[in-house]
Amino acid sequence: MIAGETIAAISTPAGEGAIALIRVSGVDAIAVADKIFRGKEKPSRFASQVQHFGEILDGADRLIDQVMLSIHRAPASYTGEDLVEISCHGGALVSAKVLEACLRAGARAARPGEFTERAFLNGKMDLTQAEAVIDLIRAKTDLALRSATEQLEGRLGENITKIRDELISLLAHIDASIDFPEEGIAPDEGKTLRARLDSVREEIATLLATADQGRILRDGVRVVIYGATNAGKSSVLNRLLGYDRVIVSETHGTTRDTIEETVNLDGVPIRLLDTAGLRASASELEREGIARTEKSLQLADLRLHIADRNARRPPHFDERACDANEIVVLNKSDLPENSDWKNFRALRISCMTGEGLPQLQKKILARITRQNLRPESTVAINTRHRDCLRRALESCDRARAALGKTLSPEYVQVDLNEALRAVGEVIGAIDVEQILDSVFGQFCIGK
């Protein structure tokens with residue numbers, strides 16, 4: 001980002017709608033509005049956070065649209081800069097014309113996420129809150145929405161800041177004893193220091209334990225539906241979704257690619273993947289589909305193995321071979337069951353009549369809960385957070401080992417500095433000068 005640049009973008013989704021919103025942010029945002037807006041008075045004279053009716057004109061003073069325009073002066077705006085919001089009619093052409101007028105008046109087109117980036121750089125939010133904005137937009141369940149809302153309000157950031165402050169306090173004592181030996185400052189006694197460090201390690205480990213839940217909240221549980229051709233896999237997908245998403249046919253090999261849809265199952269986002277049927281095939285296209293099925297199975301959180309109870313039981317089909325990540329489902333219970341399936345323990349359903357579908361949903365949720373894949377807490381870290389916190393924990397572990405071996409404080413100092421930097425990366429706060437500030441705040445150095 002170049003300091004002083006003013007940016008503009010359409011903030012509403014592409015396509016037609018009742019209203020489209022165009023945002024302009026930067027030092028010249030209000031000047032841009034003055035050039036293109038015609039109303040009772042210029043936008044530069046507007047009070048902040050008040051909507052005004054008027055017209056947007058192009059470079060030749062021709063009317064583009066009648067709009068509502070508001071000014072949000074720095075720092076009381078989303079970005080922390082002067083911000084202009086223009087609400088025009090929601091046609092694709094008219095919103096593009098209004099944006100073009102903003103660009104002609106001195107703004108430049110914003111990059112993806114640049115408004116939120118500026119909010120972070122201007123101290124309106126930390127990195128976890130910035131990431132929560134996109135999580136909020138993409139939330140598919142009530143729990144995911146609550147998680148994103150709490151993260152946007154700063155709950156995760158507060159947890160990270162607390163860990164970071166504790167690390168700074170630890171480093172303050174160690175740095176003071178190293179850098180100012182003439183002041184007679186002794187670091188915490190070994191036992192006390194180890195206890196404080198153990199507390200930090202435990203807090204980091206607690207957050208790391210939420211990583212899988214965070215993945216589920218954001219991406220959903222990956223449930224792969226697989227089995228032999230014509231067993232009813234696509235019918236199962238359609239039934240779980242509640243509508244006909246996939247073409248169903250008695251012809252073998254109808255599904256030749258992986259089809260993915262998401263369903264909200266009792267508050268848990270479930271990513272259902274319908275896959276190509278498994279069989280020996282001479283078709284190169286079908287073999288590619290089968291290869292994709294096998295790849296999907298390797299990445300699955302849970303597998304639904306669908307079989308036709310009306311057909312003979314395949315010789316390799318052994319209920320004892322099924323693990324905790326797999327549910328065997330015998331479809332077509334509305335038809336006579338082949339004797340090969342007698343006494344075979346599996347859930348029996350009928351996609352034709354709907355029999356057994358509620359039990360299948362309950363079983364999916366039960367398996368997810370058993371594998372700790374069902375999110376229970378709204379505080380959950382993402383992949384980037386996990387990488388940062390994992391490095392922080394490794395550094396804290398090394399510092400703990402150095403303390404246990406009563407090594408020189410400099411060894412502990414190096415490891416804790418690395419932990420502090422890694423934790424700071426989570427919220428975008430990396431400032432070792434705060435350690436020195438903490439030293440002077442706690443001790444009368446230079447008295």
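Which accessibility class does Gln49 count in, buried, partly exposed or exposed? At 45% relative accessibility, Gln49 counts as partly exposed. The classes are set by relative accessible area: buried is under 20%, exposed is over 50%, and partly exposed lies in between (1.4 Å probe, protein chains only). Gln49 is found in the loop between β3 and β4. Its phi is positive, about 60 degrees, although Gln49 is not a glycine.

The model is predicted: local features need pLDDT of at least 70, side-chain atom pairs count only at pLDDT 80 or more, and totals for chains, interfaces and linings use all residues. Residues are numbered from 1 along each chain as its sequence is written, and side-chain values use heavy atoms, with hydrogens and water left out.

The chain holds 14 helices and 13 strands. These elements are DSSP runs numbered from the N terminus (helices: H or I, at least four residues; strands: E, at least two). Of the 447 residues in the chain, 47% are buried. The accessible surface comes to about 22,600 Å². Carbon and sulfur atoms account for 51% of that surface. Areas come from the Shrake-Rupley method with a 1.4 Å probe; for residues, only the protein chains shown count as cover. Among contacts between residues at least 6 apart in sequence, 63% join residues at least 24 apart. Contact here means heavy atoms within 4.5 Å.

Helix α1 spans residues 29-36. It is largely enclosed by the rest of the structure, because 6 of its 8 residues are buried. The buried residues are Ala29, Ile30, Val32, Ala33, Asp34 and Ile36. Their cover includes β2 (19-25), β3 (37-38), β4 (52-57), β5 (63-72), β6 (83-89) and α2 (92-104). Ile30 also has a reference point in Lys42: the two C-alpha atoms are separated by 9.3 Å, at 12 residues apart along the chain. Lys42 sits in the loop between β3 and β4. Lys42 is partly exposed, with a relative accessible area of 47%.

Two other loops carry local backbone features. Asp61 lies in the loop between β4 and β5. Its phi is near 60 degrees, a positive value in a residue other than glycine. At 57% relative accessibility, Asp61 counts as exposed. Pro75 is found in the loop between β5 and β6. A cis peptide bond joins Ala74 and Pro75, with omega about 0 degrees.

The largest nonpolar core has 33 residues. Such a core is a set of buried Ala, Val, Leu, Ile, Met, Phe, Trp, Tyr and Cys residues joined through side-chain atoms within 4.5 Å. Ile160, Leu167, Ile204, Leu207, Leu389 and Leu416 touch the most other members. The elements giving two or more residues to this core are α6 (155-179), α7 (190-208), α12 (383-404) and α13 (409-427). Beyond its neighbours within four places in sequence, Leu389 contacts Ile160, Ile204, Leu207, Leu208, Ile381, Val423 and Val426. Another core, of 28 residues, lies apart from it; among its members are Leu241, Leu265, Leu302 and Ile306.

Helices α9 (233-241) and α11 (357-370) pack at an angle of about 85 degrees, with axes 11 Å apart. Axes are lines fitted to C-alpha atoms, for helices over the stretch in contact, and angles run from 0 to 180 degrees between N-to-C directions. The angle makes α9 roughly perpendicular to α11, a class covering 65 to 115 degrees. Val236, Arg239 and Leu240 of α9 meet Leu357, Leu360, Gln361 and Ile364 of α11.

Technical notes
Parallel < 35°, antiparallel > 145°, perpendicular 65-115°, else oblique.
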